[in-house]
Amino acid sequence: IVGGKESMPYTWPAICSLRFVQEPNNHICGSNLVKNLAGEYYLITAAHCLNDTRASRYEAHCGIHDRADESEPHRIIVHFNNLYIHSGYNSWTMDSDIAIFKIVTSLPTNMFISAVCIPNEGWTDGEISIVAGWGALSSGGSSPYKLHQVNKPIKPRSICEQRYGVGAITPRMLCAGLPNGGVDACTGDSGGPLYTYRENRWTLTGIVSWGHGCGEVGKPGVYSDVIELKDWINTVLNVL
């Protein structure tokens, strides 16, 4: 996270650190817990995080603040038995950059671990959002052990297209950032959340996807637009 600050511990109980089972100390990407109508947990992340498409190769560390502190009392390591990658995902254009794991580990719901809501309606221009993660603090820089976050406004679609070119921004993407840059997600934040506050609760409005550098002037961060992908998410959670 560029231009932000350390989060208050356990502010974001849905965020998890995605890792390979064989490299449990290496954070790959951010991710978020969501629930289906039956109350079962799933984990949502970016498709581009997943070089291996076998669910059993991954685990997520949830209920954590310091990603390296194994003594944290609320840490739960989560395993999966299925992985769904959006059929429209394109690794070249980054369209439909979303994937969902089915969780087999039984999880509590408490102030340290809980699901985030999927929004009911689309975002609005200029709406303030928060992006959080364990990614780099500057482009090419080091990554913190403790969770960081930063506020940024969601950009009008026209500005996003102006910055990256009309064809580069598909209907399943949204942009967020300041005109002069300086606040952004960065390497290691991918797959993590862009939260907005709606109807007295935090909702998962975007998923960290791509951008040019981190926090560069005139290059807002690009996110998978959860509301545009909501039908697919609901199908995975409640039908498949």
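## Pocket, sheet and aromatic contacts in a predicted model

About 190 Å³ of space lies in the largest pocket, the volume being the space filled by probe spheres set on grid points that are joined across faces, edges and corners. A pocket is here an open set of points on a 1 Å grid over the protein atoms alone, where a 1.4 Å probe fits and protein lies on both sides within 12 Å along at least five of seven lines; lining residues have an atom within 4 Å of a point. The structure is a predicted model, in which local features need pLDDT of at least 70 and side-chain atom pairs count only at pLDDT 80 or more, while totals for chains, interfaces and linings use all residues. Residues are numbered from 1 along each chain as its sequence is written, and side-chain values use heavy atoms, with hydrogens and water left out.

The lining of the largest pocket comprises 15 residues, and Ala 185, Cys 186, Trp 210, Gly 211 and Gly 213 lie nearest its centre. By class, 7 of the lining residues are nonpolar, 7 polar and 1 charged; Ala, Val, Leu, Ile, Met, Phe, Trp, Tyr, Cys and Pro count as nonpolar, Asp, Glu, Lys and Arg as charged, and the others, Gly among them, as polar. At least two lining residues come from each of S12 and strand S13 (221-225). Strands are DSSP runs (E, at least two residues) numbered from the N terminus.

S12 and S13 also belong to an open sheet of 7 strands with antiparallel pairing, in the order S1-S9-S8-S11-S12-S13-S10. S1 and strand S10 (173-176) each have a single partner strand and stand at the edges, so one side of each is left without a neighbour in the sheet. Two strands are taken to pair if DSSP finds at least two bridges between them. The antiparallel pairing of S1 with strand S9 (residues 148-153) involves 2 bridges, and Glu 6 is placed opposite His 148 in S9.

Strand S4 (residues 41-45) has 5 of its 5 residues buried, so it is largely enclosed by the rest of the structure. Buried denotes under 20% relative accessible area, exposed over 50%, and partly exposed in between (1.4 Å probe, protein chains only). From S4, Tyr 41, Leu 43 and Thr 45 point one way, whereas Tyr 42 and Ile 44 point the other way. Strand S3 (residues 23-35) pairs with S4 in the antiparallel sense through 4 bridges, with Asn 32 having Ile 44 as its bridge partner in S4. These two strands, S3 and S4, form a hairpin with 5 residues between them, and Gly 39 in the turn has a positive phi of about 85°. The bridge partner of Tyr 42 in S7 is Lys 102. The charged end of Lys 102 also sits over the ring of Tyr 42, 5.0 Å from its centre (criterion: NZ of Lys or CZ of Arg within 6 Å of the ring centre and within 35 degrees of the ring normal).

Burial likewise extends to 5 of the 5 residues of strand S5 (residues 58-62), so S5 is largely enclosed by the rest of the structure. Tyr 58, Ala 60 and Cys 62 point one way from S5, and Glu 59 and His 61 the other way. S5 runs antiparallel to S2, to which 5 bridges join it; Cys 16 stands opposite Cys 62 in S5. On strand S6 (residues 76-85), antiparallel to S5 and joined to it by 4 bridges, Ile 77 is the bridge partner of His 61.

Rings of Phe, Tyr and Trp (its six-membered ring) were paired if their centres lie within 6.5 Å, with planes under 30 degrees apart counted as stacked, over 60 as edge-to-face and the rest as tilted. The count comes to 8 aromatic pairs. For Trp 12 and Trp 202, the ring centres are 5.0 Å apart and the planes at 85°, so the pair is edge-to-face. Trp 12 lies in the loop between strand S1 (5-6) and strand S2 (15-20), and Trp 202 in strand S12 (residues 201-210), so the pair ties together parts that are 190 residues apart in sequence. Trp 12 is buried at a relative accessible area of 7%, whereas Trp 202 is partly exposed at 33%. Trp 12, Tyr 195, Tyr 197 and Trp 202 form one aromatic cluster.
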